[in-house]
Amino acid sequence: TALLSGGDGAVAARFGPATGSGSSSTLSSGARAAAQMPAVMVAGAIKLITAGGGVGRASEVTQLYRVLNHVVIHRLAVWRVTLDAQQLIEQVDELIDQQRVLFSRSNHDDEFLRCLCHHAYALLLHENAHLRQSAANLWKLLLITKSSSMDAILVGARPAGAAAESGAVGAGAAAGGGAPVLDLRVDGFDLLLEKGQLAFAQWLGRNRELVEQRLQGVLVPVWNEYQASLRRQRTVWDEELRVRCQRQLQARYRHERAVSTLRLSLEQRRVSTLAHVHEVTAERRRHRRRDENNRLQHASALWQRLRAFLQQPLAVWGGSYDDHLLRWRLDPTELPARMRSRTMPDHSFFERYPLLDSAESVGSGGGNRPCSLLSRQYQARLEHERHLQRHHVSSWATVVAAETVPLHDDDGAERAD
C-alpha cells in the first residue's frame, strides 16, 4: 500500500537512481530494504487483488506490477554499481525463482523488459563465469516467456553501414523489397536454447559489434528515458516533501506560538492573581492594625476615665478634702422643700477667677473683676498634674503595646479568646 501510494517510480525515486558514475559503493538503509524485498510478498498481494475478479482491479494490478518492476530494476542497478558479483548472482537467481510472478501474462510492461535486457546483456559480458551463466539462464527465460517482446528487441532494421557477414547473422529483406532486416534471434540468441552457452558465446564474440549497435539503438534510449523519468519523479517527490515539511514547520511554529501565548497569558494571570492576593493580604493587615489601634485607644480612654474616677477625693485611690485650694458650691439637688442643703466640690472655681497679671494686685482697684490670690497656686498645680498625666499616659501605652496578647496566632487564624 505504501508503494502504491507513491505512484510509478516512487521506490526508485526514494532510493535514488543508480547510475554508473558518481554513485557511492555504500548502500543506504532504504536501498538495502528495497534490495532485500522478496517478490513472493508482491505475488501474494497480486493473488489477493485478482481474487476479487472485478474490472476495476486491473488498474491496481498493473500499478502494483509497475512498482515491482521498479524495485527489480533498481536492485540490479544498485548491485551493478557496487561491482559485487556474488550479490548480482543472488539477484539474478532470485528473479529466475520468481519467474511465475515477474514474467506472468499480467506483467506486460515493455519498459521493464527492455531495461532488464539492458542489464542482462551487460551481465553476459562480465568476467565472472558464474554470473555469465546466471545471465544466460535469465536470457533463456526471457526468450521462452516473452517471445513476442524479445522479437521486437532482437529483430529489426539493419543499422546503416553495417555489412552482414555470410553465415554470421540472420539477414533478409522486408516484404516488397524494403530495407534489410537484422535478426539477432535466429542463429543468434536462440543458440542459448538449442546448443548452449558455449556456442552462443562463440557467436557473440564474432558479432559483438553488430549486436551492441542493435541493442544500443533499442535498449539504451529506453534506459536513459527511464532514468530521466526517475529523476523527474524524484524532483517532484522532493518538492512535495519540501512543501510537506514546510507545512509541518509552519504548523509547528503556530503550535509553539499558541503554546507561548498561552503560557504568557497564564503567567500574566498568575502574576495578577498573586498581586491581588498580596493586595488583599496587605489590606487585611492594615485593617487589623487599625482595629488594634482603635481598641488600644478605646482601652486607654476607658482607663483614663476609670483612673480619674478612682483617684477623685474620698474614692478608693483618692484622698480627703484637706486641700486648701478646694472650693465648694451648692449641690443642684433640691430637697422636698426646694432647699439646697448639700455642697459639692467646685472644680471650675479657679477657671472663673483666672490668674492676674504681675502688674495687677489685690488692692490696685480692679473694679468689679473678681480675682483670687490662690489662682497662681492652682495654675501651677494644674500644669504639674498635666505634665505627670502626659508622661504617665505615654509610658502606660508603651507597656500595654508590649504586653498586649496578639489577636491572631502565627498561622493568621483569629484567637477564640
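This is a chat about one protein chain and its predicted model.

Colleague: What kind of model is it, and how are residues numbered?
Modeller: It's a predicted model, where local features need pLDDT of at least 70, side-chain atom pairs count only at pLDDT 80 or more, and totals for chains, interfaces and linings use all residues. Residues are numbered from 1 along each chain as its sequence is written, and side-chain values use heavy atoms, with hydrogens and water left out.

Colleague: OK, how many helices and strands in the protein chain?
Modeller: 17 helices and 5 strands. Those are DSSP runs numbered from the N terminus: H or I with at least four residues for helices, E with at least two for strands.

Colleague: What share of the residues is buried?
Modeller: 29% of the 417 residues. Buried means under 20% relative accessible area, exposed is over 50%, and partly exposed is in between, with a 1.4 Å probe and protein chains only.

Colleague: And what's the accessible surface of the chain?
Modeller: About 27,000 Å², with 54% of that belonging to carbon and sulfur atoms. The areas come from Shrake-Rupley with a 1.4 Å probe, and for residues only the protein chains shown count as cover.

Colleague: What fraction of contacts is between residues 24 or more positions apart?
Modeller: 60% of the contacts with a separation of 6 or more. A contact here is heavy atoms within 4.5 Å.

Colleague: Switching to helix packing. How do helix 9 and helix 10 cross?
Modeller: Helix 9 (residues 129-145) and helix 10 (residues 147-154) have axes that come within 5 Å and cross at roughly 110°. So helix 9 is roughly perpendicular to helix 10. The axes are lines fitted to C-alpha atoms over the stretch in contact, with angles from 0 to 180 degrees between N-to-C directions. Under 35 degrees is roughly parallel, over 145 roughly antiparallel, 65 to 115 roughly perpendicular, and the rest oblique.

Colleague: Which residues make that contact?
Modeller: Trp139, Leu142, Leu143, Ile144 and Thr145 from helix 9, with Ser147, Met150 and Leu154 from helix 10. By class that's 6 nonpolar, 2 polar and no charged residues. Nonpolar is Ala, Val, Leu, Ile, Met, Phe, Trp, Tyr, Cys and Pro; charged is Asp, Glu, Lys and Arg; the others, Gly among them, are polar.

Colleague: Where does Leu116 sit, and what does it touch?
Modeller: Leu116 is in helix 8, and it counts as buried because its relative accessibility is 0%. Leaving aside neighbours within four places in sequence, Leu116 is in contact with Ile73, Leu76, Leu95, Phe103, Leu138 and Leu142.

Colleague: New topic: how many salt bridges in the whole structure?
Modeller: 15, each being a side-chain nitrogen of Lys or Arg within 4 Å of a carboxyl oxygen of Asp or Glu.

Colleague: Which residues are linked in a network?
Modeller: Arg66, Asp109 and Glu111. Asp109 and Arg66 meet at 3.1 Å, N to O. Asp109 is in the loop between helix 7 (99-102) and helix 8 (110-124), while Arg66 is in helix 5 (residues 57-82), 43 residues apart. For Arg66 and Glu111 the closest N and O atoms are 3.0 Å apart, and that pair joins helix 5 to helix 8.

Colleague: How far apart are Asp151 and Arg185 in their salt bridge?
Modeller: 2.5 Å, N to O. Asp151 is in helix 10 and Arg185 in helix 11 (residues 185-189), 34 residues apart. Arg185 is buried at 10% relative accessible area, and Asp151 is partly exposed at 31% relative accessibility.
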